[in-house]
Each structure stands twice: as C-alpha cells, then as structure tokens.
Amino acid sequence: MWLRRFAVLAALVTGILALGAGPASAHTVGGVGATDFRTTLTQFSGVPGVELRVVENGSKLEVRDTTDTPVVVRGYQGEPYAKVGPDGVFVNENSPAYYLNADRYGVTSVPATADPKKAPSWRKISGQNSFRWHDHRTHWMQTTLPPVVSAAPDEVHTLSRWTITLDYGGKALIGSGTLTWVPGPAPWGWFAAALALLAAPALCVAIGRRWAFPLLAAATLLVVLADAAHSIGVALLGDRGFSAFVVPLLPQAAVWAIGGFAVYLLGRRRDGGTWAAAIVGVCVAVASGVPDLPVFWRSSAPTVLPPAVDRLSVLLGLGLGLGLLGALALQLLLSGRSTAAASRPAADADADAVAVADAVAEESEPEPEPGEDEEPVLTGTRRQGVSRRELVGLAGALGVGGLAGAGLQLAAGSGPPAAAPEQTTTVPLGSVGSKVVPFRGARQAGIATPVQRQSHARVAAFDLLPGTDAGALKALLQRWTTAAEALTTGNAKDDPTADSGPASLTITVGFGPSLFGRAGIPVTARPAALAPLPAFAGESLDASRSDGDLGVLVSADDAVVAFSALRTLERLAAGVAKPRWQFAGFTRGRGVTTNEGATVRNLMGQLDGTRNPKPTEATFARTVFADDGWMKDGSYLVVRRIRMLLDDWEKHPVADQEQVIGRKKQSGAPLSGGVETTPANFGRRGSDGAPMIAENSHIRLATSAFNRGAALLRRGYSFADPLPDGSVEAGLIFLAWQSDPRTGFIPVQQNLVAGHDRLGAFTRHETSALFAMPGGATAGRYLGQSLFEEINR
C-alpha cells in the first residue's frame, strides 16, 4: 500500500518541480549564478535624478531617470541604443546593441537592417522610468577563464576597466568601472557541514517517537525558512516592482505551503508529516540546494544576503532537505521490521508483555477524527502510509501555491516581447580565441605585446574631413576608446565576429605630423620627434599610400577579428575622418610550432627580429617609450611597406642569401658562429682573411653598434597581395617602435643606404608613414586625452 502512495507523492514532487519551485528559475538571475567575477561601478558623472548602477550580480546595468529630460544609452559603436525618460523606455531597432544584448553572451545574430549610422527607429517597450540591459562591456563573456586567472586563480585580478556613455540633454554622462576576479573560499568545511546535517533527521527517527516528531518538525521549519530567506534575497536583487519581486516566489510558495502542512502533521504526531517533510526536502534540495552549490566556493552570488548568510541558507536547504528524505526512508525500514515481527506468533510471556505495552501506547494516542483513516504510529506495528485526508491536504497546498504562481507568471509574461536570439550551438573557445590583452593601462597595448601572440594585423591611416574641429576629433577619439575597450574584451559583436572570442585583439591609435595645424590642433603642439621623415636615397614612395592625419594598428590572432575591429573604427569615424590607406599583414599562427616564443620568419625564409630589445632588458623602456610632454608613455611608430623581389631572391643559393643577411638561414645564428642568440662577432675573419660577416651585410649595417647605439622594436608582418595577372606582390609590413625616430629609425635607415646594404637589391620601400602613439587610456580617460590637455593649458 505504501509503495502506491509513495508513487503518488513522487508525482506531486515532480509536479512541483515542473511548476518551477525552488530557485531553478529565480536563483539564477539573468542567467548568472554564483561567480568569482566582480563588476563594480567606480565613477559616474551623473546629474540629480539620473542613476546608473550595476545590478543582478554584475549581469546587467540599470539606468533610472526621474527627471523631465530623457537619457540616451550609447551602444557599442556609439549609436543611440536605449532611451529612458518620462515617456517610458524605448529601444533603437537600428542599433546592433539591441540584438546583441538580447543574450548575455552576445551570440544573437544582428540582422542586416541594423545599421548604427541610420537614424534611430525607436520602439517603446515599457512605461517605466528605468531600464536594465546586458552590457557586454561590463562582464566576462567567454566560457573559459582569462589567461591571467588561469595562471593564478587564487589571486585577485583586475581584468578590464569599462566605460559607458549616456547622453542627457546634450551632456555626456560617463560611467566607468572595473571587472575583477575575486577568488572564493575553500568549500570543504561547508560540504562537511552538509554531510552532518544530512544525517541529522535520520537520527531523529532513530532515537524514538517521543523526540522524533518535534525534531523533524523543527528541521522542516528550518528548511522552509532557509529557502524563503534565500529566495527572497534573490528576488530583492531583481528588477524593481511588485510583479518582478513576487512572481518568482509564487511557485516556491507551493513548497512552503506543504512545509507548513508537514509541520502541522508532525506537531500532531502523524506519520504523514514525515512524507510531507520529505516532499519539501527533496524540492528544496534538488531545485535550490544543488544548483546553488557553487556559493560554497564562489565569492559572490545573485542575492542581497551577505555571502556567509547565503551559504548557510543553501547549507540548510541542501543538508536538511536531503536528510528529511533519509528520515522517511528510515521510518519505512523500521516500520517494515516491526510489522514482520508482529506477524510472528508470540513465543513467550515476554512477547505478550510487549503486546500489552503496545496496546496501552495505542490507547494513549489521540483518537482519529470521524471518517479519517486510522493513523499509523512512527514505528508501530500497523500499516505505514499517508491517509486520504492527508493526501487531500497535500494536494490542496500544492494547488493553492502552484496555480497562483502559474497564473501570475502568465500575467507577468504578457508584456512586450524582447528580441529573441536565434537558436545556436555554442562550444567553448579554444586557447587562442579566448586570449585577452588588457586595453586599459598607462601604455597602449599592441606595442610591447609579443607579435607571436597576434598572427594578423591591419594598419591604416585616416585623414580628417574639411571643417572638422577639435571637438569633433575629441568626440571621435572618445568613441574609438569606448569601442576599442569593448572589442578587445570580446564584448562588442557584429555579424563577422558574433561567435568569436577576443583573440588577443589590440587597437593602437596615434597622430601623424599632418594633423598638427588642422582641426584646431596647433603646430606648436607637435613634438620635435614627430617631424616628417626625411627622404632616403633610391626610394620612390607612393604618396597616396603614405602618411596620414591619424594612424591605427589593429592586431589579433584571427583575421576576421582584426578586419571587423578596423571596420568598426571606420564606421565610427564617419563624418569626421575618412580612410586614406590600409594594409593587411600576417605572420605565423599560434599552435603551428612547438616553440611559441621562437623568432618568426619572413617570406624570404629568414628569422626576423632576433636582436629585438626585450621587455626584460633595463634599456627597453628608454628605447621604446617616450618620457616627455603629452607623449609620456607613448611611442613613435614608423610604418613601411617593403616589397620583396622574391623571384630574384630565390634564384640565389642559400649560401649567397646568408651572406646578404649575415646569418644562417636555418638557425638564425650569425655567420661568425654560435646559435641564434649569440652576439655577432663582426671582427672575426675566415680562412681567406675576409670578414665572416661582410661589411655591407644587413645585420652589420643595422646593428646598434654601428649606428651610435640607435635601436628600435620591430614588429613585422608579411603581406601577399594577388595581382590581376595572377602573380603575387609580397613583402614585409615593417613596423618599428621607438622613443624618438631621430635616434632610432632615421640613423639606421641612413646607414643602410650609405653602406649599400646588400639586402636593398632584393627589396623596394614603397610607402612610408610616421605616427605619434600617445600613452594609454587609464580608467575614465580616452585615447589622446593628454594632447587635448596640453593644448588647453
């Protein structure tokens, strides 16, 4: 009999869980549970009545506007995304952010009709004065940990600094903050406590009926109170408003109602109370305790409760919840043994005495109400089960809570639908795609970043449009800064990169000599080191693909990510600057060699960059970074597109090629002997008396020892552009970073020309440009801000 009723009660448990009881629906706010990522708003230049805050455990941002002027949230490309004000909340259906933000991980495809340059197409979604959205600039987007966290997971790491721009009546309100990794506690103590609580209800049954009923009632009450506290703590973290708070709690009200009924039955010493308590325990443990287990080892959870209180509520729900099921199992086991013993004939007077004692005990129990099935005792000799009246009571408790919850959930879901993302299948990013190079910092990324980490590059120049003033240029740099931060963390998505990670993306921005004297930027603000490069003998440069007012270098481990990032910057420049030229380059990809730190090879087959200055060297900063004026912590970039005459080069034997360069082709070792990293001995002579490294070899003329100590950091990328006749134009995009071109690139190039560099017979310098790349954008600042501060003094 009890097996049939147990099946009925199991069906009730399944029904409760199907209705959404427990925190399966409410305790993972916005799709985010316990986490070690911490999103913090550190600064907001707001006005009275406009509030910006981080909500739902870092999953969303919220803007609230109680003034008479609407506030506009800018999207990832600087376009109007959402508008909040006295008339309600509106979203711009032409904004890519509208579609990307429909999913926390940004996997939703953006339709072709969405264009950030189009006039906004506003659609009202709410009559409230507040709006919440997934802003992908503020939280970690990938399914794998950041590399810095993987390397040291037990340390606190600042992963990124983010910036959000709001427009309020023509005034820009800037919110900035940080994304931080904060490791959680060790979980073993909490698991040990859970195991202890798991055994407690069964011990209550084992000690006998006098104490079992009140102790089980107390345990059930604790489970209900713990789940209620946890659920309410989560609901309070959700959207403001009555329905947003109450609706997630209603399905759980069914569980709490059964819990109250269980306490009532146990208080009357009814065995049916143990069954009802087991239902409550299973529902809370399965739907609340197990999904929330990460709170034991994570540093934060989506709740307003203090972390220790939240962990205690989960501990009670999980440990005591499963323990109540164990108590029922032990009760059934003991009842089965008692029934079997009672079925055997009494063997002696002792058995008769036991029977008399049992009869007396039965007489002392309260009489059942008229029409009620005879109640079994906790470990008595009669049938073990739940009466029909108790089943009716359990079903009624479930019905009141479940039907009310389902009805109000349907009512709450009748609002305007959000943009639904397409169904996609996602897989974890590989180690290459998940790499993040921090954007914020005193120095711009992409300069000292090892080129081996970024196998694709796009370098481009822009010219300002006529009539552009300093305000428009400043606004462009602010838009580029916001976009670059989002792009480099993988938090800005468009069609080409909707399923891509950041892939070590860096975006480096600077100014050309021709900018000064235009757009309100005085010529006097141009550093002496930024004077146009001199002409070098024998060169015939293409002026249309040289120089430029603004320079941009985009590097990444993925060609699509690099291309898409530059396209984003081009769109944001519309109306202020137009592209002048653009080159695409590549180098060896990650994972194609067993030595990730090895020097890369150019298309001539030579190792290129052997004697590059290393960040670990004491002179590195002095060689690469400027230390004065508005260029402090910045660097000067020389860009050259050097065509390689590969047909001529490949006609020569390897030995002749090695004499041109001065190094062994295979190993990169200098011809004077040793290995690649062995310093070249330019005075060493061979058996014929001639220098082993020729005086007009490339490495001798380029080395700092023969250029008054001149040195530079080279980051070369190959190019191979097909021509209409089917041939290929190939070569090197030469990128050279230095603290001053006058003591870096210029003397080296002059020495190469004057010394008749043997490599010059196989190369052609076709384009040239010089850019001053200022220091990086720290929190709350934008790229190039130091220049504007200089000219406004």
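Q: In which loop does arginine 708 lie?
A: This is a predicted model with residues numbered from 1 along each chain as its sequence is written; local features need pLDDT of at least 70, side-chain atom pairs count only at pLDDT 80 or more, and totals for chains, interfaces and linings use all residues. Side-chain values use heavy atoms, with hydrogens and water left out. Helices (H or I, at least four residues) and strands (E, at least two) are DSSP runs numbered from the N terminus. Arginine 708 lies in the loop between H18 and strand E16 (713-714).

Q: Does arginine 708 count as buried or exposed?
A: Buried means under 20% relative accessible area, exposed over 50%, and partly exposed in between (1.4 Å probe, protein chains only). The relative accessibility of arginine 708 is 77%, so arginine 708 counts as exposed.

Q: What is the phi of arginine 708?
A: Most residues other than glycine have a negative phi. Arginine 708 is not a glycine, yet its phi is positive, at about 55°.

Q: Against which elements do the buried residues of H19 pack?
A: In helix H19 (residues 745-754), the buried residues are Phe745, Ile746, Pro747, Val748, Gln749 and Leu752. Contact means heavy atoms within 4.5 Å. By that criterion the buried residues of H19 pack against strand E15 (635-644), H18, strand E18 (728-738) and strand E19 (763-773).

Q: How far from glutamate 676 is the nearest side chain of opposite charge?
A: Glutamate 676 is in the loop between helix H17 (654-661) and helix H18 (698-702). Charge is assigned with Lys and Arg as positive and Asp and Glu as negative, while His and the chain ends are not counted. A salt bridge requires a side-chain nitrogen of Lys or Arg within 4 Å of a carboxyl oxygen of Asp or Glu. Glutamate 676 is buried and has no salt bridge, and the nearest side chain of opposite charge, arginine 663, is at 6.4 Å.

Q: Which side chain makes a polar contact of 2.8 Å with the side chain of glutamate 676?
A: A polar contact is a pair of N or O atoms within 3.5 Å; within protein, one must be able to donate a hydrogen and the other to accept it, and residues adjacent in sequence count only if both atoms are side-chain atoms. Leaving aside neighbours within four places in sequence, the contacts of glutamate 676 include Thr599, Leu607, Thr610 and Arg663. The side chain joined to glutamate 676 at 2.8 Å is that of threonine 610.

Q: How far apart in space are alanine 669 and alanine 680?
A: Alanine 669 lies in the loop between H17 and H18 and counts as buried because its relative accessibility is 3%. Beyond four places in sequence, its contacts are Arg663, Lys664, Gly674, Val675 and Glu676. Alanine 669 and alanine 680 are 11 residues apart in sequence, and their C-alpha to C-alpha distance is 8.3 Å.

Q: At which residue does H5 have a kink of about 25°?
A: Helix H5 (residues 188-206) has 19 residues and reaches 28 Å from its first C-alpha to its last. The kink comes shortly before proline 201, at alanine 200.

Q: With which residue does aspartate 36 form a salt bridge?
A: Aspartate 36, in the loop between helix H2 (23-26) and strand E1 (37-44), counts as buried because its relative accessibility is 5%. Its closest N and O atoms to the partner are 3.3 Å apart, and the partner is arginine 298.

Q: Which residues are linked with Glu56 in a network of salt bridges?
A: The side chains of glutamate 56 and arginine 132 meet in a salt bridge at 3.0 Å, N to O. Glutamate 56 is in the loop between strand E2 (50-55) and strand E3 (60-65) and arginine 132 is in strand E8 (residues 130-133), so the pair ties together parts 76 residues apart in sequence. Linked with Glu56 in the network are Arg53, Lys60, Glu62 and Arg132.

Note on methods: Expected span 1.5 Å × (residues − 1). Bend = angle between axes of the 7 residues up to and from the residue.
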